[in-house]
Structures are given as structure tokens and as C-alpha cells.
Amino acid sequence: MISTLFALHQKVAVITGGTGVLGSAMAQGLASAGAKIALIGRRKDVGESLVNKLKSNGHEAISVQADVLNEVELTKANDIILQTFGRLDILVNAAGGNLPGATISQSKNFFDLNINDFKKVVDLNLIGTVLPSKIFGKQMALQKQGVIVNISSMAADRPLTRVVGYAASKSAVDNFTKWLCIEMVTKYGEGIRVNAIAPGFFLTDQNRALLINPDGSLTERAKSIVQNTPFARFGKPEELIGTLVWLCSDASAFVTGIVVPVDGGFSAFSGV
């Protein structure tokens, strides 16, 4: 019973940002649970390399090059996925990121904010979640079955210093997650669920320069993070997999509209 409860056999999972550090780990995790994988990303070479790795391990996978902010590209990607697999069961909105201009460095203040970069970060994290949900979620509505998992952040609930654009946009992702879960269940039935994961601090290509010095030591910001994380370390990408598989499987059949922290205790710690 337990083994089948968490199984994703024959499910088709679409992962935006699938070529990133976290996205690729989540794709591998879903594939290991039995899902067929469709990676969505802008880097064609990386996507193809990841697909070859998945296939070499016996999994079914394709990579489709598309920008999460381009509705035409996403629509074409949706058509390719349906032509290949015939259905769409899971959407993981893992695309996102930050820009230096939307971050307030230690030597600057709020009034130095680059509003254009702020808009780009909001677009990437919020519109980059809303638009794929619209394009790929339509098939779920037709099927009256599917799961959407958005990727939020610790910065959504407890705004972090400096990352003003990122924090604001991830907070909006939390709100959208709850809004969309109600929209889906009231109009298309309980077969469609929408939840989010809020990772704590994980090293990625985008934040490595902020957290790791050229000599490999932790920056002052990284030291503060570790000091305020009871586990006293950064998360490992594969540590997101268990929560993701739970949310995508029948094991969470009565769960919708929640944001699950995977943060080593950061959100629970008062610092004392």
C-alpha cells in the first residue's frame, strides 16, 4: 500500500527550470519514482545532456527548449509533450532567479534600486510561474486530474535583507498558489491540486557568488544563514525530492493550497 501510495508510474511530469541545479535534481527524483519527464529550459545543450543521463538510467524523458515568459514557446512545448506522451499529470514550476539590480548591496540602499531589474525579477518568478500554470494547467483541466507544485522560498514568508525583488515575487507565488488551488478545485474538481515547496538555503549557480568566497570559505551572509539554520548547513538538492514526490503522488490526495518548508528548521528558529 505504501509503495503504491508514493508511486508515480506512467505519470508525465513537466519541470520548468529543469536544467538548473534544483530543477534537475527534482527531475531525477520524479523519474526515480516512475514518472516520465519533460524538461523545459532555455539551455538546449544542458537539457539534452540531462535527458541522455535519465535515459541511460532507464527513464523516459524529453527536453524542450522554451522560455517560461514566452507564451508561444510554452504552447509549442505543450503540444510536443502531448504528442510524445499523450497526457500531462505534473507541473513543477522550478524556473526562477534574481538579478543584481534587484538586490540592495551593502554599499547601497533602497533608493538605488534598479526598477527595471526589479520588474524582470518579478516577471521571472511570478509570471514565470503563472504562465506555465496557464498553458500546462489547461490539459489538467481537460483531464480533471493533475498536480501543480510551485517553488517558493524562505524569503516569501520572512523577507530577507537585500533581495527585495526576489522576496516580493516569491511572496506573490505563495499567494498565487493558494488562489489557484481554489480556482482549480471549485471549477474542475478535487482531482487537481496546487501546492508549493519553500526551500531553505541551497547552493545554486545563481547564489553561489553571494555565499561562497573565491577561496571556498563562507561569506558573512552565508555564515549568518548557517547560524540561523538549526541544521547548521545548506540543503542538498536531493533533499527536496521526498517532499516533491509526496506532493505529486496520491500520498497527498487531500492536500492542496499549502506551502511546505524544506529548510533545516530555519523558519522555526527564533535565533535564541
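Select β6 (192-199) and β7 (259-262): these strands run parallel and are joined by four bridges. Helices (H or I, at least four residues) and strands (E, at least two) are DSSP runs, numbered from the N terminus. The model is predicted: local features need pLDDT of at least 70 and side-chain atom pairs count only at pLDDT 80 or more, while totals for chains, interfaces and linings use all residues. Residues are numbered from 1 along each chain as its sequence is written, and side-chain values use heavy atoms, without hydrogens and water.

Stay on β7. Its P261 stands opposite A198. V260 and V262 make up the covered face of β7, V259 and P261 the uncovered one.

Next, show the whole sheet. It is open, with seven strands in the order β3-β2-β1-β4-β5-β6-β7 and parallel pairing (two strands pair if DSSP finds at least two bridges between them). β3 (61-65) and β7 stand at the edges with a single partner strand each, so one side of each has no neighbour in the sheet. From one strand to the next the twist averages 20°.

Move to β4 (residues 90-93) and β5 (residues 146-151), a parallel pair with four bridges. N93 has N150 in β5 as its bridge partner.

Now select helix α9 (residues 220-227), where R221 is found. Beyond neighbours within four places in sequence, R221 is in contact (heavy atoms within 4.5 Å) with residues including L160, V163 and L210.

Technical notes:
Axes fitted to C-alpha atoms, helices over the stretch in contact; angles between N-to-C directions. Buried < 20%, exposed > 50% of the residue type's maximum accessible area, 1.4 Å probe, protein only.
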